[in-house]
Amino acid sequence: MVKPVLEELRARMDKTLGDLRRELAAIRTGRASVSLLDHVTVDYYGNPTPVNQVATLSVPEPSLIVIQPWDPSVVGNIEKALRLSDLGVNPSNDGKVIRVPIPPLTEERRKQLAKVVGKVAEDHRTAIRQIRRDGNERVKKLCKDKQISEDDEHKALDHIQKLTDQYIEQIDKIARSKEDEIMKV
């Protein structure tokens, strides 16, 4: 009775961890990465479309992203979307290819980004705790409905707490790693 509940909790916690990794990948570290452009959308024939769906993205060197649109008529729209994004980049184009130099981060910007990482990590820790609460409620309901014994309830609650602690530890480790990457000059 308890096993499906625990498996579902683990799956939800894994999903939360995956979401954390995706969000942190989009935070700029001073090194070029195509994942920086994941949240940039381009007006493509009236539809907001992710830039990676209208162009080939590459990183030929650590401080440069090259965007090669499949349709050359979109070059202006991509450049405009990049300028309006919160990435703080200054793209240039030659009519066919857009080059996005990634400037080094200032100390102040590094500190701001480290705070953003901390907030993102805390949001995901909160999500893990919410999942724990849902699991605890379901286990208590199973015990109340006499579907499991009180001993099984205590074992399940302990297991859920250990699982929660493991995932929160992983979130802390990932966040620390990202902060170190940002603060490295």
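Trainee: Let's start with K146. Is it buried or exposed?
Mentor: K146 is exposed, with a relative accessible area of 72%. Keep in mind that this is a predicted model.

Trainee: Okay, and where is K146 found?
Mentor: Look at the loop between α3 and α4, where α4 covers residues 150–183. K146 sits in that loop.

Trainee: What is the phi of K146 like?
Mentor: Its phi is near 65°. That's a positive value, and K146 is a residue other than glycine.

Trainee: And Y45, what should I note about its phi?
Mentor: Y45 isn't a glycine either, yet it has a positive phi of about 50°.

Trainee: Which strands does the loop with Y45 lie between?
Mentor: Between β1, residues 41–44, and β2, residues 47–50.

Trainee: Is Y45 buried or exposed?
Mentor: Exposed: the relative accessible area of Y45 is 62%, so it passes the cut-off of over 50%.

Trainee: Why do we call α1 roughly antiparallel to α3?
Mentor: Because their angle is about 170°, and angles over 145 degrees count as roughly antiparallel.

Trainee: How do the residues of that α1 with α3 contact divide?
Mentor: You get 14 nonpolar, three polar and seven charged residues there.

Trainee: What about α3 and α4, how far apart are their axes?
Mentor: The axes of α3 and α4 are 10 Å apart, with a packing angle of about 170°. That makes α3 roughly antiparallel to α4.

Trainee: Which classes of residue does that contact have, and how many of each?
Mentor: The α3 with α4 contact has 16 nonpolar, 12 charged and six polar residues.

Trainee: Let me pick a residue, I171. Which helix is it in?
Mentor: I171 is in helix α4.

Trainee: Is I171 buried or exposed?
Mentor: Buried, because its relative accessibility is 0%, and the cut-off for buried is under 20%.

Trainee: How far is the C-alpha atom of I171 from that of E122?
Mentor: They're separated by 8.7 Å, though the two residues are 49 apart along the chain.

Trainee: And D172, what is its relative accessible area?
Mentor: D172 comes out at 24%, so it counts as partly exposed. D172 also has its place in helix α4. Its C-alpha atom is 7.1 Å from that of A121, and those residues are 51 apart along the chain.

Trainee: Now the inside. How many residues does the largest nonpolar core have?
Mentor: The largest nonpolar core has 30 residues, and those with the most contacts inside it are L20, L24 and V139.

Trainee: Which helices supply at least two residues of this core each?
Mentor: α1, α3 and α4 each do. Helix α4 gives the most to this core, with 10 residues.

Trainee: How does the lining of the largest pocket divide by class?
Mentor: Seven of the lining residues are nonpolar, three are polar and three are charged.

Conventions
Residues numbered from 1 in each chain as written. Predicted model: local features only at pLDDT ≥ 70, side-chain atom pairs only at ≥ 80, totals over all residues. Heavy atoms only, no water. Axes fitted to C-alpha atoms, helices over the stretch in contact; angles between N-to-C directions. Helix = DSSP H or I, 4+ residues; strand = E, 2+ residues; numbered from the N terminus. Parallel < 35°, antiparallel > 145°, perpendicular 65-115°, else oblique. Nonpolar A, V, L, I, M, F, W, Y, C, P; charged D, E, K, R; others polar. Buried < 20%, exposed > 50% of the residue type's maximum accessible area, 1.4 Å probe, protein only. Core = buried A, V, L, I, M, F, W, Y, C linked by side-chain atoms within 4.5 Å.
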